[in-house]
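Here's a quick tour of one protein model, written for someone new to reading structures. Keep the 3D view open and click along as you go.

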Amino acid sequence: MLSNTFRFQESLDKREEEGTLRRLRLRSDGIDFYSNDYLGFARSKELQNLLLQKITDNPQLLSGSTGSRLISGNSDIAVSVEKGIAQKHQFESALLFPSGYNANLALFSTLPGRHDVVIVDEQIHRSVHDACKLSNAKKLKFKHNDIEDLENILKRQEGHCYIAIESLYSMEGDFAPISEIAALASKYKASLIVDEAHAFGVFGYGLIEKYELQKQISAAVITYGKALGVHGASILCSETVKSYLVNFASPFIYTTSAQDFQWMSIKTGYEFLDQNYEQATKLQDNIRIFRIQNLDSPSAETSPVQAILIPDNQKLKTVQNTLSEEGFLTYAIYCPTVKEGNERLRICLHSFNTEEEIMKLTEIIKELM
């Protein structure tokens with residue numbers, strides 16, 4: 001153990017020297033350009049009061065679930081919320097999870113079998129990579145959003161293929177060519193799995209709904225800790241896939257269910273989203289204000305995530321620290337979260353940011369760049 005401790009410390013010291021050591025910090029006061037609260041729902045007093053009223057009317061919501069959903073942890077609320085989610089997204093079924101990470105872990109560790117192949121976009125979320133390690137399937141990567149590269153890989157496979165993409169990528173801030181990939185999946189009889197974490201709420205119920213691709217998607221992950229302002233996730237799928245996950249997905253079977261309050265907060269969040277979609281319009285207005293400042297960015301014009309590439313750790317740290325001193329909260333992304341040479345300042349825009357704040361933020365970045 002002592003030798004391991006020395007090795008651990010060596011690795012930590014190396015990150016400290018490189019300026020990439022992660023530390024837990026309390027949430028700072030400042031102008032938010034770093035959270036995933038795209039529509040401002042997490043700070044909404046109105047939504048907070050709605051949730052408080054739910055608890056006042058039914059304090060049992062706060063009680064622990066007492067077990068996994070296969071033992072004592074299932075409830076009428078969990079079942080009814082799943083049915084409502086499936087109906088809203090126009091899928092046969094939905095299965096709730098305590099987080100998006102947990103949902104991806106369940107999907108990719110369970111569905112692909114020993115003779116299957118999982119083909120992932122090279123920028124897919126880390127949870128998918130971790131899940132694939134728990135699977136017996138072979139994992140391959142295709143170049144980010146590169147249809148031609150994906151098809152070349154599909155052509156060479158003999159086993160059944162699963163294709164894993166995000167509809168909106170959280171590091172690059174760009175969109176997957178989801179319709180084209182869905183067509184390719186159909187052509188090669190592959191199963192397409194889409195993570196809608198950063199698109200849900202920002203673009204209605206997500207890009208699957210926008211392009212009416214429900215029948216071409218084997219499973220989708222919707223997360224609620226971003227635009228919806230609450231917490232948790234659901235997998236949208238067929239009844240068969242849901243039953244398979246309930247029977248074989250270890251991350252679902254062997255974990256205590258969340259409190260009913262988490263499921264009720266998701267239901268309330270959907271209702272609040274339906275009544276406050278003008279926040280998505282305000283968000284798009286703010287994204288346009290940011291984009292016309294002509295900062296160089298690989299991100300899509302309508303994405304709430306805007307990346308500014310700064311492939312120099314020291315310069316990146318200087319930019320972030322200067323912004324912080326001016327009261328602007330942003331997030332610097334270092335290797336290994338992104339490839340070396342692709343370090344960036346990740347800016348998240350929100351419906352509640354003001355034009356003055358956006359103008360000042362971009363002005364400071366321009367001066368430093």
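Predicted model: local features only at pLDDT ≥ 70, side-chain atom pairs only at ≥ 80, totals over all residues.

Residues are numbered from 1 along each chain as its sequence is written, and side-chain values use heavy atoms, with hydrogens and water left out.

**The cores**

- The largest nonpolar core has 83 residues, and Ile-163 and Ile-165 have the most contacts inside it. A nonpolar core here is a set of buried Ala, Val, Leu, Ile, Met, Phe, Trp, Tyr and Cys residues joined through side-chain atoms within 4.5 Å.
- "Buried" means under 20% relative accessible area, "exposed" means over 50%, and "partly exposed" is in between (1.4 Å probe, protein chains only).
- Helix 11 (residues 260–275) gives this core its largest share, seven residues. Helices (H or I, at least four residues) and strands (E, at least two) are DSSP runs, numbered from the N terminus.
- Another core, of 29 residues, lies apart from that one, and Val-120, Ile-124, Tyr-162 and Ala-249 are among its members.
- Which residues does Ile-165 touch, leaving aside its neighbours within four places in sequence? Among them are Asp-121, Phe-142, Ile-178 and Val-194, with contact meaning heavy atoms within 4.5 Å.

**Helix 6 and its surroundings**

- Helix 6 (residues 147–155) has these buried residues: Asp-149, Leu-150, Glu-151, Ile-153 and Leu-154.
- Those buried residues pack against strand 3 (117–121), strand 4 (138–142), strand 5 (161–166) and helix 7 (178–187).

- Two packed helices are described by the angle between their axes and the distance between the axes.
- For helix 13 (residues 313–325) and helix 14 (residues 355–368), the axes come within 10 Å and cross at roughly 145 degrees. The axes are lines fitted to C-alpha atoms over the stretch in contact, and angles run from 0 to 180 degrees between N-to-C directions.
- On the helix 13 side you'll find Lys-315, Val-319, Thr-322 and Leu-323, meeting Leu-361, Ile-364, Ile-365 and Leu-368 in helix 14.

**Polar details**

- Gln-53 sits in helix 2 (residues 45–57) and is partly exposed, with a relative accessible area of 43%.
- Ser-35 is in the loop between strand 1 (31–32) and helix 2, and a polar atom of its side chain lies 3.2 Å from the backbone nitrogen of Asp-37.

**Loop residues**

- Is Ser-257 buried or exposed? Ser-257 is buried, with a relative accessible area of 11%.
- Thr-66 has a positive phi of about 80 degrees although it is not a glycine, and Thr-66 is exposed at 64% relative accessible area.
- Asn-294 also isn't a glycine, yet has a positive phi of about 60 degrees; Asn-294 is exposed, with a relative accessible area of 67%.

Conventions. Polar contact = N/O pair within 3.5 Å; in protein donor to acceptor, adjacent residues only side chain to side chain.
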